[in-house]
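Colleague: I'd like to learn how to read a structure like this one. Could you walk me through it, feature by feature?

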Protein chains: 2
Amino acid sequence: MTRIAIDAMGGDNAPQEVVAGAVWAASDYGVAIELVGKPDKIEYELDRINAEGIVSTAGGFKPQRIKIDTSKLDIKITQANEVIEMGEAPGQAIRRKKKSSIVLAVDAVATGSSQAVVAAGSTGAAMASSLFGLGRLPGIERPAIAVTLPTIKKPVVIIDAGANTNCSPEMLYQFAVMGTTFSKNVLGVEEPKVGVLNIGEEAGKGNELALSTYKLLEANQDSLNFMGNVEGREIFSGNCNVIVCDGFVGNVALKVTEGASSMLFKMLKKEFKADPLAKIAGLIAKPFMKRIYKRINYEEFGGALLLGVKGITVISHGRSTAYAIRNAVKVAKDAVETGVNKKIADFLENNSINPVSNE
Amino acid sequence: MTRIAIDAMGGDNAPQEVVAGAVWAASDYGVAIELVGKPDKIEYELDRINAEGIVSTAGGFKPQRIKIDTSKLDIKITQANEVIEMGEAPGQAIRRKKKSSIVLAVDAVATGSSQAVVAAGSTGAAMASSLFGLGRLPGIERPAIAVTLPTIKKPVVIIDAGANTNCSPEMLYQFAVMGTTFSKNVLGVEEPKVGVLNIGEEAGKGNELALSTYKLLEANQDSLNFMGNVEGREIFSGNCNVIVCDGFVGNVALKVTEGASSMLFKMLKKEFKADPLAKIAGLIAKPFMKRIYKRINYEEFGGALLLGVKGITVISHGRSTAYAIRNAVKVAKDAVETGVNKKIADFLENNSINPVSNE
């Protein structure tokens, strides 16, 4: 059985929501879990779950209570007495706090006790401890965060969504390889199309990085299904399956999506309460509003994969609810079982990168 | 009476929608207009408007016909036989096509025949001809595009939304000055708060540009109301009134907003058609869906100001409808009448920039 390590102390709602989400995933997806953190706090949460069940807030609508018997699940607790806080400098923190929950959760993967790790705490600390604890895949300069976003067709992968603020075209080529492998194997997209996030469709558009990346991906069309530049507006058309960019731009794109959707939902909810007639419409619209909200909400995808390290690290939103953690564990399980990392390494071993021709 | 020059040949829907929008603005806002382009085509559109009226598609819902008598309006036609197409390299195009509609429309402002120009064609050509034809304001290195976006509170200004892909911290300081002046004088925000678009709130976050800009704006807090970093998700909270970034990131943020909103509306419209009950809800929801759509649609703000040139240039969306052009002319009129440019120049003359302290 696949075992997933979870940093039980990481995130705004830890340990309560994190432990609940992990247990929920164990129950729903048949995975074993390894909860890393302060044992007394974890035990307290497990007892609470046995007594009260898990409160699901899926979709952001009315909470529902789910009964789970933890004694039927494969749950391991690993002690970690330290916690890395959100404000700490990641590099220093992982060296100073060797017994922190995130460092030991990654360690569980490095030693083979678990096959993947889910972390909702400091993204920087999760990245640093993964890089340090697991090492890079051969052929990968820097790991990158792959985020899955909904579109009106199939989901799209944005890579890098925040790991690297300074990137080279070669790094974006590697992101394209990792994103393609992820899209194909985990999301089930047959021939993922790769695009460069840019401010115009024409080849001559954009900043230095976008211009050079365009040329490099064009030179490697034999191995990657490169379709050209993609504008911010086109992300959601679903015509492109993997969009590469540096982590600064990717992170802005991701959070703008979140902010714009959330604003729209707030505006709609307010209108649905404005008068009795609107309330009736709101009542009718509720189920599908919920469905749409679920489709676009980050909770649904649960977490972003840190690709490029020798192991599977899923980075969850700092504000993750139990539902988001449950889905993040599912992402981790799928990544393990489809062997994404081996496929990335194989690709890079079998396809040497073509340089940009100087004609 | 303020006169606005309009590149009648620019944009995907030119000249039909552009001429209609200009005439509509003249009728609604009491401005004089100067239509620059091929006279026969412009006359044809004016005749059509007199015969059939203008078709308003405001809000993207059912079209409405508006009757307008152009003989009562102050409309001037200026001949321009060339048109710069979307794909052309802007710098070369404006030198080669000196009689193009965009070059002559900017010229109309340079010579004082009009007080502002509205352009829906190639953004690059509008920028290049404005920079070349009007010159820069004293103290401004590079003009920038200021886009107004809705939030749940007051609108926010994103600057730069696409003019400059490579920026220095000093340029972003100037963008902050221009954005503040615009927000205060045209949007009526009393003490506009300025933020740096970044991937985290902490001062130590982001790429080189964001880090250095943070320090520079912090050192100039006496003259600018600097509030720190703003994440993509926070743009729509309305807590920050002016957000500075380089034109690559700004353009992505803007287009992602457009794409995400449009996807959500498509999903909602589809659900409102799914069954008879949903259709009833859709009927009730229609007026406020329309209201929300209007609030978030780019058509409503009509156009983005190119700030930093000695004159007012409003850059409209390439896909502008008559309604968008009408609103763009209103933006141009407001910018002229509130004297934004003089206020920017005054600010830069009276406030010398504090360097970052090296303690």
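Modeller: Let's start with one pair: Arg291(B) and Glu271(A) form a salt bridge, with 2.6 Å between the closest N and O atoms. The term stands for a side-chain nitrogen of Lys or Arg within 4 Å of a carboxyl oxygen of Asp or Glu. Before we go on, this is a predicted model, where local features need pLDDT of at least 70 and side-chain atom pairs count only at pLDDT 80 or more, while totals for chains, interfaces and linings use all residues. Residues are numbered from 1 along each chain as its sequence is written, chains are lettered from A and ligands numbered from 1 in the order in which they are written, and side-chain values use heavy atoms, with hydrogens and water left out.

Colleague: What is the idea behind a salt bridge, and how many does the rule find across the interface of chain B and chain A?

Modeller: In general, side chains of opposite charge can pair when their charged atoms come close. Across the interface of chain B and chain A there are six salt bridges, and over all chains the count comes to 26.

Colleague: Where do Arg233(A) and Glu258(B) lie?

Modeller: Those two form a salt bridge, their closest N and O atoms being 3.0 Å apart. Arg233(A) sits in the loop between strand 10 (226-231) and strand 11 (242-244) of chain A, and Glu258(B) in helix 8 of chain B, so the pair joins two chains. Helices (H or I, at least four residues) and strands (E, at least two) are DSSP runs, numbered from the N terminus.

Colleague: Is Arg233(A) buried or exposed?

Modeller: Arg233(A) counts as buried at 19% relative accessibility, and Glu258(B) does too at 17%. Buried means under 20% relative accessible area, exposed over 50%, and partly exposed in between (1.4 Å probe, protein chains only).

Colleague: How do I read the whole interface, then?

Modeller: The size of an interface is often given as the accessible area lost when the parts come together. Chain B and chain A bury about 4,700 Å² between them, and carbon and sulfur atoms give 78% of that; buried area is the accessible area (1.4 Å probe) that two parts lose on being put together, summed over both. Of the area that chain B buries against chain A, Ile199(B), Arg233(B) and Phe248(B) supply 15%, more than any other three residues. By contacts, 51 residues of chain B meet 50 residues of chain A, where contact means heavy atoms within 4.5 Å.

Colleague: Which element of chain B gives the most to the side that touches chain A?

Modeller: Helix 8 of chain B does, with 20 residues. The elements giving two or more residues to that side are strand 9 (194-198), helix 8 (247-271) and helix 9 (276-296) of chain B.

Colleague: What about salt bridges within one chain?

Modeller: Take Arg326(A) and Asp28(A), a salt bridge with the closest N and O atoms 2.9 Å apart. Arg326(A) is in helix 11 (residues 322-338) of chain A and Asp28(A) in helix 1 (residues 16-29) of chain A, so the pair ties together parts 298 residues apart in sequence. Arg326(A) is buried at 13% relative accessibility, whereas Asp28(A) is partly exposed at 39%. For a local case, Lys342(B) and Asp346(B) meet in a salt bridge (2.9 Å, N to O). Both lie in helix 12 (residues 340-350) of chain B, four residues apart, about one turn of the helix.

Colleague: And strands? Which residues cover the two faces of strand 2 of chain B?

Modeller: In a regular strand the side chains alternate between the two faces of the sheet. In strand 2 of chain B, Ala32(B), Glu34(B) and Val36(B) on one side and Ile33(B), Leu35(B) and Gly37(B) on the other are all buried. Six of the six residues of this strand (residues 32-37) are buried, so it is largely enclosed by the rest of the structure.

Colleague: How many bridges join strand 1 of chain B to strand 2 of chain B?

Modeller: Five, and the two strands run parallel; strands pair if DSSP finds at least two bridges between them. Ile6(B) stands opposite Leu35(B) there. In chain A, strand 1 (residues 3-7) and strand 6 pair in the parallel sense over three bridges, with Ala116(A) as the bridge partner of Ile4(A).
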